[in-house]
Amino acid sequence: MGDPPYPVVTKPFGRALVDLAAARDDVVCLSGDLTRQTEVDLFRDTFPERFFNVGMAEQNMVGIAGGLARDGFTVFVPTFGVFCTRRPFDQVAMAVGYPRLPVRLVGFMPGLSSPGGPSHQAVDDVALMRAVPNMTVLDVADATEIRQAVFALADLPGPAYLRLKRGEIPVIFDDDHRLLLDRAQVLREGHDLTVVTAGMMLPASLAAADVLAGRGVSTSVVHVPVVKPLDAATVLAACAHTRATVVAENHSIVGGLGSAVAEALAEAGLGRPLRRVGVRDTYAEGGSAAHLFARYGLDVSDVVARAWELLDLPGEPPRAETVREPSGNLGPV
Amino acid sequence: MQGTDDQARGVLRPEHETARRAAARIRLRAVRMVGKQGFGYLGQALSSAELMAVLFTEHLRSGIDRFVLSPAHYVIAAYAAAVDLGMLTEEQLATYGDDDSALEAIGTERTPVVDLTCGSLGQGLSGAIGLALAARLRAEDRTVYAFVSDGEMEEGQLWEAAMFAAHHGLANLVVLLDCNNSQVDGPVSDVTTVEPVTAKWQAFGWHAEEVDGHDVAMVSAALGRARSAAGPAVVVARTNALGGITCLPGGADAHFVKLTPELVEQAVAELEEAIRG
């Protein structure tokens, strides 16, 4: 694992998908008028016969994906997270989830990483996709995981939702990192606090662990790229060895990773104080990711502050620097 | 050229007699299936009997073509039609409406006979497009028949799909549209204006022609032309959701017909006569 500031790359998803399609002629890609933005201009230009731009018609796009998958194709459906989950939810459930077809919904610009305001900010996508039986839900953290996720999902018989950052993607993990569809990963082991996280909140969670370590708080960091099915055993084992749990996610606190972890702890009878760091059941507004993450409590300092409260530590929580990630000044589209 | 003209006009040929009798058998079986509980989706079988009969007996190539039933509550008609093809038995039909029956009233993923069906309306054409694209990608000679109902035209997704199919010139896609002017809240024309139906599909770039959906010869001829059209094609079938049985009261709720035992008896007698005749 590297250290911040992390190097960044562009189009890791687009490149991985082209490589997968070169190896497998059953891979088909659709687009919903966001071809370059979802990096599949690379696929379109390499395999035009297997690329279909459905236009701004996500219900139809998901239905077509279901039909293609029913006849044996592995279908990737990249668009913004809101447009492949919230907008065509019934189609996802009925045309993909229920028949358990190999459709891969790929949602870019998760949570508050979109400057486009509530219409473009997927703060409920994980909750929605978790509620679909048969759906595997991934919230990956870096370019290494994105590439591995594309290949891992290629062999999954059922449907999946892959949630990933758009634009400049950090490289956090080395090439020997292995994303497994049934495993959470303990990246740091501590004995006071467990931070469970995924996706774009991984860098902030690691930074929070460093800040806390500087004040003598030993922190486990559990990275959960596969939110569903949740690797409850790994999460529970980590939480059981510490006094409190903070779950940090770039998503609503309702229905996402925080809910999944809380459910697992409660059902296992593991009583640990828990706080969810996430969007607090509200809609945000347009703005830069750095601005919105700070305003809506998704910063390193928020993870540190919740830990400080939970562990009932004296005085003010230590100061924590924001993790600066290149945003590439993305527009809403 | 006489044959071609006859086909165009929908002149009844001996093979159509097979379809006509098959339609009567679909109605008879549907009456029995619905009659057991005294209510159900009989109107859907009555409006679509000739469409299903013609499609199954004269056009659909078993094991090659695909059959998408967009409105899954029409599946009663497909069950009834499947008996003639040896895909289901009369004994299986008799379980319709029972708990744990394989023949659910609204079709699901475990439904036999159909390749794809959608209880949530307006979605079938998109799935059919997926199947048509799959056939095109593999260069397979296969026609995807999508049965769609007129009420489904109120769902926006249907028009998203219609635009896509025309843009991509999906000549292996044929829609059989049952315009029975019936939906849950009453006549479609009372709920919203979907007319002019044929002109709408034409405006969306489809080969579209309108037929009397109870005239087996016209339906068959139109389906033949639809299959050979250069792009996606729709047969707009004007039907009656209480059609083919004279004993049903005129004002009945066609979407979900209620049948007394006396009505079942009368309808069965009438349909058995039609099958003999």
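These legends go with several close-up views of a predicted model.

In this model, local features need pLDDT of at least 70 and side-chain atom pairs count only at pLDDT 80 or more, while totals for chains, interfaces and linings use all residues. Residues are numbered from 1 along each chain as its sequence is written, chains are lettered from A and ligands numbered from 1 in the order in which they are written, and side-chain values use heavy atoms, leaving out hydrogens and water.

**View 1. A:Phe43 and A:Phe47 form an aromatic pair.** Rings of Phe, Tyr and Trp (its six-membered ring) pair if their centres lie within 6.5 Å; planes under 30 degrees apart are stacked, over 60 edge-to-face, and the rest tilted. Over all chains, you'd find 12 aromatic pairs. Here the ring centres of A:Phe43 and A:Phe47 sit 5.5 Å apart with planes at 55°, so this pair is tilted. Buried means under 20% relative accessible area, exposed over 50%, and partly exposed in between (1.4 Å probe, protein chains only). A:Phe43 is buried at 0%, and A:Phe47 is buried too, at 11%. Look for A:Arg50 as well: it lies over the face of A:Phe47, 4.4 Å from the ring centre. For a charge to sit over a ring, NZ of Lys or CZ of Arg must be within 6 Å of the ring centre and within 35 degrees of the ring normal.

**View 2. B:Trp159 and B:Trp201 form a tilted pair.** Their rings are 5.2 Å centre to centre, with 50° between the planes. B:Trp159 lies in helix α7 (residues 156-167) of chain B and B:Trp201 in helix α9 (residues 197-203) of chain B, so the pair ties together parts 42 residues apart in sequence. Helices (H or I, at least four residues) and strands (E, at least two) are DSSP runs, numbered from the N terminus. B:Trp159 is buried at 13% relative accessible area, and B:Trp201 is buried at 0%. Ring pairs also link B:Trp159, B:Trp201, B:Phe204 and B:Trp206 into a cluster.

**View 3. The largest nonpolar core has 73 residues.** A nonpolar core is a set of buried Ala, Val, Leu, Ile, Met, Phe, Trp, Tyr and Cys residues joined through side-chain atoms within 4.5 Å. Among the residues with the most contacts inside this one are A:Leu30, B:Leu177 and B:Trp201. Helix α6 (residues 124-137) of chain B gives the largest share, seven residues. Contact means heavy atoms within 4.5 Å. Leaving aside neighbours within four places in sequence, B:Leu177 touches residues including B:Val148, B:Met153, B:Trp201 and B:Val236.

**View 4. Cysteines with no partner: zero disulfides over all chains.** A disulfide is a pair of cysteine sulfur atoms within 2.5 Å. The sulfur of A:Cys84 is 12 Å from the closest cysteine sulfur, in A:Cys29, so that's too far for a bond. For B:Cys118, the closest cysteine sulfur is in B:Cys179, 18 Å away, again too far for a bond. A:Cys84 is buried at 0%, and B:Cys118 is buried at 10%.

**View 5. A:Met109 and B:Ala139 have a positive phi.** A:Met109 isn't a glycine, yet its phi is about 60°. You'll find A:Met109 in the loop between β5 (103-108) and α6 (125-130) of chain A, buried at 1% relative accessibility. B:Ala139, not a glycine either, has a phi of about 55°. B:Ala139 sits in the loop between α6 and β4 (144-149) of chain B, and B:Ala139 is exposed at 70%.
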